[in-house]
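Subject: Structure handover

Hello,

Here is the structure I promised you. My notes on it follow below.

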Amino acid sequence: LFRLDEHLRRLEHSLEAIGMSNPMSRAQWSEVVREIVARNDWEDQSVYLQVTRGVGQVRNHAYPAGVTPTVFLMSEPLTVPDAAMRERGASAVSAADFRWLRCDLKTVSLLANCMLKQVAAEAGCVETVLFRDGFLTEGAASSIFVVIDGTVLVPPKSHLMLPGITYDVVLELA
């Protein structure tokens with residue numbers, strides 16, 4: 001499993017930041033992720049997990065007390081850019097980053113990201129590159145790396161971007 005510990009650490013950070021207890025230990029998460037991967041025969045898989053607070057008794061914006069978190073986990077074949085796209089590159093558009101100010105938390109509140117990704121789709125592009133106050137933050141669904149004269153430039157980690165696992169791996173490899 002690719003960088004599972006880092007993914008679980010990011011999950012723990014997000015849960016803690018929103019005041020939600022983690023329903024499983026790292027060992028339990030590891031076991032359940034390994035099980036779903038084993039149940040599917042795709043050579044390369046993308047695993048998605050989601051944790052919600054659980055089911056409250058009434059509709060209320062305040063966190064419900066005494067509920068059991070709900071865990072959703074799925075696996076699907078990992079899709080990667082084809083050889084032609086890797087060779088020629090991908091087109092992108094840019095847009096103002098109007099997402100909330102805690103982009104460092106991985107949450108299911110992705111409506112703004114979806115809207116911004118749709119801007120790219122409608123323009124026949126692969127991604128929307130986001131800018132806030134004149135500074136690049138990230139893509140609607142990806143980290144952005146710029147290479148100028150052999151120098152890799154990246155936005156610094158902050159609450160305005162999701163510090164992706166790929167972000168760290170690319171910097172380690174560079």
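Leaving out residues up to four places away in sequence, which residues does I36 touch? Keep in mind that this is a predicted model. I36 touches Q45, V47, L73, M74 and S75. I36 itself is found in helix α2. Its relative accessibility is 15%, so I36 counts as buried, the cut-off being under 20%. For a sense of distance, take A174. It is 138 residues from I36 in sequence, and the two C-alpha atoms are 32 Å apart.

Overall layout

The protein chain has 5 helices and 7 strands. Read from the N terminus, the order is α-α-β-β-α-β-α-β-β-β-β-α. The C-alpha atoms fill a box of roughly 55 × 40 × 30 Å along the principal axes. Of the 174 residues in the chain, 25% are buried. Now the contacts between residues at least 6 apart in sequence: 55% of them join residues at least 24 apart.

The α1/α2 pair

Helix α1 spans residues 4–17, and helix α2 spans residues 26–39. The two pack at an angle of about 125 degrees. Their axes are 11 Å apart. That angle makes α1 oblique to α2. The crossing is right-handed. On the α1 side, the contact is made by L4, D5, L8, R9, L11 and E12. On the α2 side, R26, W29, S30 and V33 make it.

Helix α1 also turns up at the other end of the numbering. Helix α5 covers residues 165–173, and its buried residues are I165, Y167 and V169. What covers these buried residues includes α1.

Helix α4

This helix runs over residues 111–122, which is 12 residues. From first C-alpha to last, α4 reaches 16 Å. That is close to the 16 Å expected at 1.5 Å a residue.

Which residues of α4 are buried? They are A112, N113, L116 and A120. Their arc around the axis is only 105 degrees, which puts them on the same side of α4. An α-helix has 3.6 residues a turn, so residues three or four places apart point the same way.

The face turned away from the buried side carries the exposed residues L111 and E122.

N113 gets a closer look. It sits in helix α4. Its relative accessible area is 15%, so N113 is buried. Setting aside neighbours within four places in sequence, N113 is in contact with R99 and A140.

Just after α4 comes G124, with a positive phi of about 75 degrees.

Loops and backbone angles

Where does D133 lie? It is found in the loop between β4 and β5 (135–139). D133 is exposed, with a relative accessible area of 71%. Its phi is near 55 degrees, a positive value in a residue other than glycine.

D149 is another entry of this kind. It lies in the loop between β6 (146–148) and β7 (151–153). Its relative accessible area is 80%, so D149 is exposed. Phi of D149 is near 50 degrees, again positive in a residue other than glycine. The background for both: most residues other than glycine have a negative phi.

One more loop residue is A65. It lies between β1 (45–52) and β2 (70–77). Is A65 buried or exposed? A65 is exposed, at 75% relative accessible area. A65 and V55 are 10 residues apart in sequence. In space, their C-alpha atoms are 9.9 Å apart.

Where to look

One is I36 in α2, with its contacts to Q45, V47, L73, M74 and S75. Another is the right-handed crossing of α1 and α2.

Best regards

Notes. Residues numbered from 1 in each chain as written. Predicted model: local features only at pLDDT ≥ 70, side-chain atom pairs only at ≥ 80, totals over all residues. Heavy atoms only, no water. Helix = DSSP H or I, 4+ residues; strand = E, 2+ residues; numbered from the N terminus. Expected span 1.5 Å × (residues − 1). Buried < 20%, exposed > 50% of the residue type's maximum accessible area, 1.4 Å probe, protein only. Arc of directions from axis to C-beta. Axes fitted to C-alpha atoms, helices over the stretch in contact; angles between N-to-C directions. Parallel < 35°, antiparallel > 145°, perpendicular 65-115°, else oblique. Left-handed = near helix turned anticlockwise from the far one by under 90°. Contact = heavy atoms within 4.5 Å.
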